[in-house]
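This report describes one structure for a reader who has not seen it before. Please look at the sequence and the model, then read on.

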Amino acid sequence: MMGAKIEELFRNPAGILSSEAPGGDIAVSSRVRLARNPEGRLFPRRASDDERREFVGEVTAALPELKHLGGASALVFDPEQLDSIDREVLLERYLASREFNARPEGALLAVRPDERVSLMVNEDDALRIQCLRPGLQLDEAWEEASAFDDELGSVFKYAFDERLGFLTADPTNVGTGMRASVMLHLPGLVLTGQIASAVAAVNKLNIAVRGLYGEGSENLGNMYQVSNQSTLGESEKQIIARLGAVVSQLVEREENTRKLLMERDQHSMLDVIGRSYGVLKHSHRLSSEEALKCLSGVRLGVDMRLFKSLDVERINTIFMAISPAHLQKRAGKELDQSERDVCRAAFCREHLN
Amino acid sequence: MLCDNCKHNEATVLIKEIRNGKSTSINLCAECARLKEQQGELGALGFNLAEVLFDLGKLTKALKPGTRKPDFEIPREVAEAVCPKCGWTAEKFRQHAGQLGCPECYRTFAPLVEGAVARIQRGLVHLGKRPSGGGAGGAVAMRLELERLQRELKELIKREEYEAAAVTRDRIAALKRELDAGGADGEGETR
């Protein structure tokens, strides 16, 4: 099978990038993922390489019929043919997971050219549908994921139990097989130290909150992913309504906090934003950590309409472009950390106008 | 509050574990938490996700002869079961962080899976969409679940386990509401 080249992804802006995203200042992106497995097959982790390849063959044969993936225009990646930087690019674009990249044998990723719909084959589950949208668009992402699911379900008979619903490799996904999530930018809650109590309150509602970068403790860039924990016992729409309500509350609290900060301590607030801009605009060495922190500051300024020539789409574009694999892809060669820091600074200087 | 480990920096990470109603907690500064995580020492708190979720710590003990009887015992036939379709075992389930081998495993390890599901999920029965063209069978599944829960409730009351009975009673009420609303087809968001 001939796989697509990673470069083909760069022809279009990534799935989460858009200037017309509803609620796109605090809610960066929305995602719905559905896990499905064909009846009668072993889960991918348990299946042999041959069995996995056989299933990849079945999916490949069906691809031209799958309109939601763009039919013949779908970009199809065989992870075995990709090097580690290419696979990391997929991760940075939210198209592949770490689990997917860890086992490239007998796997496949199909992506609609606009990157808003994709399908991982033989991750933890045989089929993982993903719909990605900019801003707060959980309902839209669910509708599209469900329609794609219907299309795929007409090709494959799913493993389904009357009582437990869709059967998944991990019982934490059983039932709807759905994980819905929203990425939130919450600098106000972080600055005022409210984030820990907010996370604790949200967790009580069976909703998970994770920092986007770094495992656990440290979070960079003030980005938090909020997602449903439970997948059984409620319909998809109920789960999404519950998640949506929590997200709205977090967004409202963040908005109020920002307002309060501006009223009470305008100069500190503007100082954070101005310094962030200064660092991004004038540095010649930028670590990931510092860049994400400063991008968060500038993003805050963009939300407050402090920059005439910058918009959220530009910030999102930089955000992705300065991640390690994207920088190396752009340079056309492997870069060590020190070289990446130089390239990262150069990119920011050039693209912040 | 100072970090319990270095007793120097301000603690910002609270790790709390609740097991059998007993809660233990440790306060760490970011630096110590990171170090401990890297060194795998957070595991020393006895936190293995699969074991906590699936009570497999007890399963392991149950397998060793001569140990004290655990309060929640997994039937021997499940602990020693081998999935006829894929050869998965309860031990592999534990090693692979609670992953199953194939759809059939849900039947093979039903008591294990049900225990896990009850602990992590909000309900025990699927109320979401069904495979397209699968017909409307959702209401049937819900009625079966309702009957099962009603039997469970009677049993719990008989054993005077009133706390668990209250949970089951709430589940029955929720399920009845769903059935009355004509749910089970993913449209059940009416309250």
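## Two loop residues

Asn122(A) lies in the loop between strand S4 (117–121) and S5 of chain A; helices (H or I, at least four residues) and strands (E, at least two) are DSSP runs, numbered from the N terminus. Although Asn122(A) is not a glycine, its phi is positive, about 65 degrees. Asn122(A) is buried, with 28 other C-beta atoms within 10 Å. A residue counts as buried if 20 or more other C-beta atoms, placed from the backbone, lie within 10 Å of its own, as exposed if 12 or fewer do, and as partly exposed in between.

Tyr94(A), also not a glycine, has a positive phi of about 65 degrees. Its place is in the loop between helix H2 (84–92) and helix H3 (98–102) of chain A. Tyr94(A) is partly exposed, with 18 other C-beta atoms within 10 Å.

## Model and numbering

The model is predicted: local features need pLDDT of at least 70 and side-chain atom pairs count only at pLDDT 80 or more, while totals for chains, interfaces and linings use all residues. Residues are numbered from 1 along each chain as its sequence is written, and chains are lettered from A and ligands numbered from 1 in the order in which they are written.

## Chain A overall

Chain A has 11 helices and 10 strands. Its C-alpha trace spans about 65 × 45 × 35 Å along the principal axes. Of its 353 residues, 50% count as buried.

## The sheet

Eight strands of chain A form an open sheet with antiparallel pairing, in the order S2-S3-S4-S5-S1-S8-S10-S9; two strands pair if DSSP finds at least two bridges between them. Strand S2 (75–77) and strand S9 (207–211) of chain A stand at the edges with a single partner strand each, so one side of each has no neighbour in the sheet. From one strand to the next the twist averages 20 degrees. Helix H7 (residues 236–282) of chain A packs on the sheet, touching strand S1 (27–36), strand S8 (178–185), S9 and S10 of chain A. The direction of this helix makes about 10 degrees with that of S8(A), where axes are lines fitted to C-alpha atoms, for helices over the stretch in contact, and angles run from 0 to 180 degrees between N-to-C directions.

How many residues of S1(A) are buried? The count is 10 of the 10, so S1(A) is largely enclosed by the rest of the structure. Seven bridges join S1(A) to S8(A), where Ser181(A) is the bridge partner of Arg31(A). Eight bridges join S1(A) to strand S5 (residues 127–134) of chain A, and Arg36(A) stands opposite Leu127(A) in S5(A).

## Nonpolar cores

A nonpolar core is a set of buried Ala, Val, Leu, Ile, Met, Phe, Trp, Tyr and Cys residues joined through C-beta atoms within 7 Å. The largest has 94 residues; among those that touch the most other members are Val32(A), Leu138(A) and Leu184(A). Helix H4 (residues 138–153) of chain A gives the largest share of this core, six residues. Apart from it lies another core, of 22 residues, including Ile273(A) and Leu327(A).

## Contact between the chains

In all, 38 residues of chain B are in contact with 40 residues of chain A, contact being C-beta atoms, placed from the backbone, within 7 Å. Helix H1 (30–38), helix H7 (110–120) and helix H8 (138–158) of chain B are the elements that give two or more residues to the side of chain B that touches chain A.

Note on methods
Two residues are in contact if their C-beta atoms, placed from the backbone, lie within 7 Å.
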